[in-house]
Amino acid sequence: MPCECVRNESEESRLGRLQRFSSLGPLTRLSFANLIESGRSVNRRDQEQFRRLAADARAFAEEPAGWLFIHGPSGAGKTHVAAAIANRCLERGQPALFVVVPDLLDHLRAAYNPSSEIGYDALFEQVRTAPVLILDDLGTQNATAWAQEKLYQLLNHRYNAQLPTIVTTNLAIERLDERMRMRLTDPAIASVYYVEAAARAIDVNLPDAFDLDQIREMTFENFDFAVPHLKPAERWSLETAYRSALKFAEEPQNWLLISGPNGCGKTHLAAAIANRCRSRGERPVFFVVADLNDYFRQLGDRESGPGYVEGFNQVSDAPLLILDDLGSGSDLPFVRDRLYQLLNHRYLARLPTVFTVAGEESLKNLDIRFAVRLNDPKTCTTVPITAPAYRVDIESLPAAAGRRLAPGRRPGPSPRPRGR
């Protein structure tokens, strides 16, 4: 029961007391009123996902229940959503504790000191039993065994007690401690949201192929290498390419070159690598080479401009770069020189890069400067696909069950397109 002094406390004093308890500090300015409802990504699907998150966050702030787990790159709006929930809870008089994970661990370490104002046990109990707890930036802490164990104890207690909890991280889900990951992503209690940041840190109008819905839909799960009409050697080449791409996606290192005829699935595998990395919160850059060359060509007359320099550096230094259809559209010396400058930088820096090339003939016709670097076995792994174009061969199959198969389909109840 509230005592007399609490009953007589002014609304302003009560809110100030709750804000001090929550450690929000300057984040009290972040609310749902100034939240960008569609997020910061320019992609429609990302925007729709963020709108769903914002709606769930508003509902959570009005009636806290369950868990919200929000992951994605820095600058995507995760902290804003989490702080907006905390601030709305405080406005309603609902105690909510907002803590940045590295700061929390520092406070717990300091609480071991005998001169600390609050003992370790009391502080840890206050955090793990908070009516609403927001843990911001999980994964940015120093990952010592002690830190991992304290965080697991905290999350495990709240998981078992089903206490309302929000967690944000820019770490890939797969890199979280397995025990914490199982609890954070348990559909019985947690709603998981991936949020994407702005496609580019600066507006340089780069033709990023991730803006195309078809590229974003190409995953390892819907790639089909079990096509019945393939010869054993062709099927083996497709399976090998699939395994190589999957291995690269799990741990991107050096270069990967996928070659094969048009329609054999090269683009699908390249896009699947990018989508797998994006699902972990990483931000690969995906370009169709012809589009990138057009961009270079358009900027040829103002090469020294800041937009060009910043845009070019952003591509050349990308943590993972995927170039689809290498060799297409690079007919002008200026364009070839810019592309060589890009590839040479990534070659010397050993930055993870994926290429697709349309068959042996295209490989032979590449600029000799490109070919020398692509043929370096210490840097580049080449995976040839000998399987023919998917749709062409499907159309040549005989009619099944008295009718001809539609282009791009195969027998069975659930066709799975291989992509381009």
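Biologist: How many bridges join strand β6 to strand β9?

Modeller: 5 bridges join β6 (residues 255-259) to β9 (residues 353-357). The two strands run parallel. Strands here are DSSP runs of E with at least two residues, helices are runs of H or I with at least four, and both are numbered from the N terminus. Two strands pair if DSSP finds at least two bridges between them.

Biologist: What kind of model is this?

Modeller: It is a predicted model, where local features need pLDDT of at least 70 and side-chain atom pairs count only at pLDDT 80 or more, while totals for chains, interfaces and linings use all residues. Residues are numbered from 1 along each chain as its sequence is written, and side-chain values use heavy atoms, with hydrogens and water left out.

Biologist: Back to β9. Which residue there does L257 stand opposite?

Modeller: L257 stands opposite F355.

Biologist: And in what order do the strands of that open sheet come, β7 onwards?

Modeller: The order is β7-β8-β9-β6-β10. That makes 5 strands, with parallel pairing. At the edges are β7 (285-288) and β10 (380-384), and each pairs on one side only. The twist averages 15 degrees from one strand to the next. For angles, axes are lines fitted to C-alpha atoms (for helices, over the stretch in contact), and values run from 0 to 180 degrees between N-to-C directions.

Biologist: What holds strands of a sheet together?

Modeller: Strands pair through backbone hydrogen bonds, either parallel or antiparallel.

Biologist: Where does β1 sit in its open sheet?

Modeller: β1 stands between β4 and β5 in the order β2-β3-β4-β1-β5. That sheet has 5 strands too, and its pairing is parallel. β2 (97-100) and β5 (190-194) are its edges, each with a single partner strand, so one side of each has no neighbour in the sheet. Neighbouring strands are turned by 10 degrees against each other on average, direction ignored.

Biologist: Is β1 buried or exposed?

Modeller: 5 of the 5 residues of β1 are buried, so the strand is largely enclosed by the rest of the structure. Buried means under 20% relative accessible area, exposed means over 50%, and partly exposed is in between (1.4 Å probe, protein chains only). Both faces are covered. W67, F69 and H71 lie on one side, with L68 and I70 on the other.

Biologist: How many bridges join β1 to β4?

Modeller: 5 bridges join β1 (residues 67-71) to β4 (residues 165-169), and the two run parallel. W67 stands opposite T165, and H71 stands opposite T169. Another 5 bridges join β1 to β5, also running parallel. There, H71 stands opposite Y194.

Biologist: New topic. Which residues lie nearest the centre of the second largest pocket?

Modeller: Y194, R216, N275, R278 and S279 lie nearest its centre, out of 13 lining residues. The space in this pocket is about 350 Å³. On a 1 Å grid over the protein atoms alone, a pocket is an open set of points with protein on both sides within 12 Å along at least five of seven lines, and lining residues have an atom within 4 Å of a point. Points are joined across faces, edges and corners, and the volume is the space filled by probe spheres (1.4 Å) set on the points.

Biologist: Which helix gives the most to that lining?

Modeller: α11 does, with 5 residues. Both α3 (44-62) and α11 (266-279) supply at least two.

Biologist: What is the lining like by class?

Modeller: It has 3 nonpolar, 4 polar and 6 charged residues. Ala, Val, Leu, Ile, Met, Phe, Trp, Tyr, Cys and Pro count as nonpolar, Asp, Glu, Lys and Arg as charged, and the others, Gly among them, as polar.

Biologist: How many salt bridges are there?

Modeller: The count comes to 14. A salt bridge is a side-chain nitrogen of Lys or Arg within 4 Å of a carboxyl oxygen of Asp or Glu. One network links E48, R51 and R52.

Biologist: Which residue does D337 form a salt bridge with?

Modeller: R369, with the closest N and O atoms 3.2 Å apart. D337 lies in α14 (residues 333-349) and R369 in α16 (residues 368-374), so the pair ties together parts 32 residues apart in sequence. D337 is partly exposed at 32%, and R369 is partly exposed at 25%.

Biologist: Where do E91 and R88 lie?

Modeller: Both lie in α4 (residues 78-91), 3 residues apart, about one turn of the helix. E91 is partly exposed at 44%, and R88 is partly exposed at 26%.
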